[in-house]
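Dear colleague,

Please find the structure below, handed over for your study.

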Amino acid sequence: MAKPATLPARLKACDPSSMSAFTFIHAADLHLGSPLSGLALKDPDIARRFASAGRRAFEDLVTAAIERSVAFLIVAGDVYDGDWSDNTIGLFFARQVARLDRAGIPVILVRGNHDAESVITRSITLPASVRSFSATRAETHRLDELKVALHGRSFPNRAVEENYALTYPAALPGWFNIGILHTSCTGHAAHATYAPCSVADLTGRGYAYWALGHVHDYAELARDPWIVFPGNLQGRSIRECGPKGAVAVSVADGRVQGVERLIVDQARFHHLEVDLSGLAGEREAVVAIEEALRPLGAAAAERLMAVRVRLHGETPAHDRLAADRDGLTAEIQAAAHRIHEDLWLERLRIETARPSRAVTEARPDAFAAIDPATLLEAVDRDPEFRARARAALAEITAKMPGGLAEAEDFGADLDALCAEAEAVILGRLSGRTC
Ligand SMILES: [Mn+2]
């Protein structure tokens, strides 16, 4: 009994908050129930694996929280992507937070624009250790044993234009204060403006850590105090590239000692640019693409990897590449599989160009008078043709299912479409004359 008795005696000598050392996890934007969009994969089994990546990422985060015996888990908004179509996604979250509850790890969350009170119409009872914040005013949850004060406010509706940060209470003296806020902060090109605030508004509260959510890229806005966007847990499309996850924040003596990214994404998106300048043929092009893909095998590791390949540069192979898009797509996919079994071609963009002189030089005499490339370029510039092409595009776009036209960037660039059509025609012509 002598040993345990000495510890409280030492604790009493100092302020308890200065003695405690703990780690917590800060996550945001789980977007559970979100479909991974824009994936050009036709295999339904693969598509399903991509679609379940967000749930598996959260499962892994919960496992990491339990293994590390963290003190608590914060989710700074957008647990759900939107209203549940049935109870499946709500039950999934309930099951995961119950794992944390059994491990003695409380969960503290605010609602964001995607899971605002008015957006989510169903509910499932969560363990009592899961605490969420009011949507009418900022409030404080205290974890007495750690002397941690968590300040937060939920979104009542999708759009919050008020500067929520200014409504947050002053820091509790002698406590470790954390602000939890779903916000676009000073603005982000890819994210709508919600609960806008300045960095100065946040630092002015006197908290030790700001757990932000909403912006899907990892960002440290400040380190004194720490103001962090952990990014979303799982990238959902080619617009959300690179490693995704949460952060583990270690605290000792009432101060943040370190912020470590916990990468838990189960599927990753990557943009790959391949310069084919000067390469003579299709085979050389595929070899160059395979070499460019190779480093992604290591990055993929145990996860799915979706890569968008953009080919560019002036190459005599241009017409052939563009003329047989399906064949080239299959060859690139096969090259990707030689590197890693779960390296998937998300989309192929052929933006190479024909070397400007090569076309006319390569033409046999019979074609010199009527050079098809010159003819096509003239058609391309013709205002009447362009007007008809735009009208046709508008007609097709209107008939595409909701959101698809936008997701595919369909018809965004008439010049690129014309260049591709031109290449297809020239590729087929050269195939026939060679
Ligand atoms: Mn959001």
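**Strand pairing and helix packing**

E314 has A353, in β15, as its bridge partner. Strands here are DSSP runs of E with at least two residues, helices are runs of H or I with at least four residues, and both are numbered from the N terminus. Two strands pair if DSSP finds at least two bridges between them.

This is a predicted model, in which local features need pLDDT of at least 70, side-chain atom pairs count only at pLDDT 80 or more, and totals for chains, interfaces and linings use all residues. Residues are numbered from 1 along each chain as its sequence is written.

Strand β14 (residues 304-314) is joined to β15 (residues 343-353) by ten bridges, and the two run parallel. Nine bridges link β13 (residues 267-275) to β14, also in parallel; H270 is partnered there with V307 of β14.

Five bridges join β5 to β6 (residues 148-152) in antiparallel fashion, and H141 pairs with L150 of β6.

In α4, the residues R55, F58, E59, V62, A65 and I66 meet F92, Q96, R99 and L100 in α5, contact requiring C-beta atoms, placed from the backbone, within 7 Å.

Yours sincerely

Methods
Contact = placed C-beta atoms within 7 Å.
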